[in-house]
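Thanks for coming, everyone. Please bring the model up on your screens, and we will walk through it together.

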Amino acid sequence: MKLTLIRHAESIYNEKRLLQGQVDCELSKKGLKDTEEKSKNFPADFDISFCSPLKRTKQTAEILVPYLNVIYDERLKERGLGDWENTPNTDEKQFLMHNKTVPPNGETFEEFDGRILSFLEMIKSNYSDEKILVVTHGGVIYAIYRILGLKVRSIANLEMVTIEY
């Protein structure tokens, strides 16, 4: 199965350097412009697309693959960051999150990875012969890397990676 992952475009929270988690914010003007530009040369050979139901990913998917009936899946939401959502994105918080610290009232890595694994198992069982696009969040992509035993690396807004799964 060919699984293509793309992180949403820049959101208003990315622009303001605020932690989003599951905050339902929209794309920034730059994010909308960048997505429109990317759509001009975006592959049109996907069989199916799954997407987080949060606005920033929905907007990205609607621009990139208007020809597909996108399936919105709650399991593709970003990791819940609890009390850290809607606060400045500091180097200290980034360090703590990558060392498996759970933000107060936030989602643990076990909870987060569990829902992502559930999604991966579902698509493998039901769509193994399909060319799949997943429009989601950086944290979800990092979780997929962890679950599949791949080296986790930073991923930029609108960056696309393809995994043979």
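Start with Y127. Its relative accessibility is 21%, so Y127 counts as partly exposed. The scale is this: buried means under 20% relative accessible area, exposed means over 50%, and partly exposed is in between, with a 1.4 Å probe and protein chains only.

Before going on, a word on the source. This is a predicted model, in which local features need pLDDT of at least 70, side-chain atom pairs count only at pLDDT 80 or more, and totals for chains, interfaces and linings use all residues. Residues are numbered from 1 along each chain as its sequence is written, and side-chain values use heavy atoms, with hydrogens and water left out.

Now the aromatic rings. Rings of Phe, Tyr and Trp (its six-membered ring) pair if their centres lie within 6.5 Å; planes under 30 degrees apart are stacked, over 60 edge-to-face, and the rest tilted. How many aromatic pairs does this rule give? The count is three. One of them joins F42 and F46: a tilted pair, 6.0 Å centre to centre, with 35 degrees between the planes. Both F42 and F46 are buried.

Back to Y127. With F50, Y127 makes an edge-to-face pair, 5.3 Å centre to centre and 75 degrees between the planes. Why does this pair tie together parts that are 77 residues apart in sequence? Because F50 lies in strand β2 (residues 48–51), while Y127 lies in the loop between α5 (109–126) and β4. Helices (H or I, at least four residues) and strands (E, at least two) are DSSP runs, numbered from the N terminus. F50 is buried, at 1% relative accessible area. Ring pairs also bring in F119, giving a cluster of F50, F119 and Y127.

Next, charges over rings. The test is NZ of Lys or CZ of Arg within 6 Å of the ring centre and within 35 degrees of the ring normal. R79 sits over the face of F109, 4.2 Å from the ring centre. K131 sits over the face of F46, at 5.5 Å.

On to strand β1, residues 2–7. Five of its six residues are buried. Two strands pair if DSSP finds at least two bridges between them. β1 pairs with β4 (residues 131–136) in the parallel sense, over six bridges. There, L5 has V134 as its bridge partner. β1 also pairs with β5 (residues 160–164), in the antiparallel sense, over five bridges. On that side, I6 has M160 as its bridge partner.

Zoom in on T4, which is in β1. Buried or exposed? T4 is buried, with 3% relative accessible area. The side chain of T4 makes a polar contact with the side chain of T162, at 3.1 Å. A polar contact is a pair of N or O atoms within 3.5 Å; within protein, one must be able to donate a hydrogen and the other to accept it, and residues adjacent in sequence count only if both atoms are side-chain atoms. Contact in general means heavy atoms within 4.5 Å. Leaving aside neighbours within four places in sequence, T4 is in contact with residues including F46, V134 and M160.

Last, the cysteines. A disulfide needs two cysteine sulfur atoms within 2.5 Å. The count is zero. C25 is buried at 4% relative accessibility, and C51 is buried at 0%.
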